[in-house]
Amino acid sequence: MLHSHVKYLVLLLFITGGARIYAQTTTASSTDNSSSPLAERENDPYSKFGIGELWNGNNTVLRGMGNITSAFENPYEVNSDNPASYSFLQRTTFEAGAVGSTRTISSGGQAYTTGTFTLAYLNLGIPLNKNAGMCLGFRPYSRTYYNLQDTVTNSPIGNVARSYNGFGGMNYAYVGAAAKFNGLSLGFNFGYMFGNFESSTASIPIDSAVTNVAYVGQYSNYNRIGGLYWKGGFMYERTIDSDYTFRIGGTVTIQQNITDRHSVYQISSYNFGDTLVHDTASSTVNEKGNLTLPLTYSLGVMIGKNDKWDVGLDFTATQWSQFHSSVDTTLYSGIASQSYKMSLGGELTPNINNIRNYFSRVTYRLGLYYGTDYIVPGGTSLPVYGITGGASLPFRRSLSHLHVALDVGRLGTTANNLAQETYVRFTLGLSFNDKWFIPRKYD
């Protein structure tokens, strides 16, 4: 009876959690940046380009191993990045995670630090039988938040202060399923990609001599995005002998179009002493078009000793030359032709059966990665690299775990007057396991 109530409670938390995230996302359209709930987020100047900073929606387990997702499966954890892994699930698994991060940005001999704390992922994995499984999930896809300023001297209206502001993001809610045939598993995620972006640029005179006749110009850009989106994956597992297992896996997301509703406002303001006059010089409202998301593929291998250790290698690439918006050319300005990432990671459990020593049943993880980002500001490629670590702490008399992961990395370069970002991300996750949909033997 208790397990029955827990099932419905977990399902309720999953549904209401997703609803809350959607509500928070829609508030990003507020034009008052100072009062926006996103005003305390990380100030990332590179999120000004494209669809912002691509977000890691993997669970805490995978984050601790450098995100080696292509060939990873676990009967008690959900690998939502490769849907083929769902067929290996043995227990209904609910996962939730939150991430806190700090980012130090260095440029021109100066540096500043910002930080944030937010939801990282939600997953509900359900085994359907010994060869099939499914998943309901929610994961952030990208995020944008930046607040930048500079000055222009000797303009027609004197010295001018310019500000650049943007915020928003994209999220992915999906359902996935997988089936296994003689060691080969095929799976897919199918769901809805949605979000919005707002960016604005304002020019304000700063010379007091011209204040009473000042011309203020503001250019605002809005994108509201939504559409169906899918991803496929495969995984093949073979037992080398009674103790060792080899897996190869991969994913593909083909080039896909989702709807982009684009609005632009150009506003002029005149300050005549005690009178401030605003005038919308031009506007385009809800122009409907397509946002093309590019082909992404991954391939990985993994070898492990049952209930002891696993080591894996991953390669992921995206063809950003396919990225395009039919209604907003600013979205694909400064985008690379392609990006890639290589990851190496593993995990070790000293002795999962040692009930006398708790820490021998803890799983320890380590990983590292290197690649290039998908933006090229000023034509300069941005390297990204880092090291990760983590652990899973088991609950007593349960298959459930508390997971922690740490990611320390660097993005960008100070060459060509660009900025270099050093980030630290700490992820805390929970996974709860139970048996669902199993017929009672006795009533």
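A search of the whole structure, a predicted model, finds 12 aromatic pairs, where rings of Phe, Tyr and Trp (its six-membered ring) pair if their centres lie within 6.5 Å, and planes under 30 degrees apart count as stacked, over 60 as edge-to-face and the rest as tilted. The ring centres of tyrosine 141 and tyrosine 229 are 6.3 Å apart with the planes at 70 degrees, so this pair is edge-to-face. It links distant parts of the chain, 88 residues apart: tyrosine 141 belongs to strand S4 (residues 132–155) and tyrosine 229 to strand S7 (residues 214–239). Strands (E, at least two residues) are DSSP runs, numbered from the N terminus. Tyrosine 229 has 7% relative accessibility and counts as buried, that is, under 20% relative accessible area, with exposed over 50% and partly exposed in between (1.4 Å probe, protein chains only). Tyr141 and Tyr229 also form one aromatic cluster with Tyr172 and Tyr174.

Charged side chains meet rings as well. The charged end of arginine 425 sits over the ring of tyrosine 423, 3.9 Å from its centre, and lysine 341 lies over the face of tyrosine 369, at 5.0 Å from the ring centre. Here NZ of Lys or CZ of Arg must be within 6 Å of the ring centre and within 35 degrees of the ring normal.

For the chain as a whole, buried residues make up 50% of the 443 residues.

Residues are numbered from 1 along each chain as its sequence is written, and side-chain values use heavy atoms, leaving out hydrogens and water. In this predicted model, local features need pLDDT of at least 70 and side-chain atom pairs count only at pLDDT 80 or more, while totals for chains, interfaces and linings use all residues.

Key
Helices (H or I, at least four residues) and strands (E, at least two) are DSSP runs, numbered from the N terminus.
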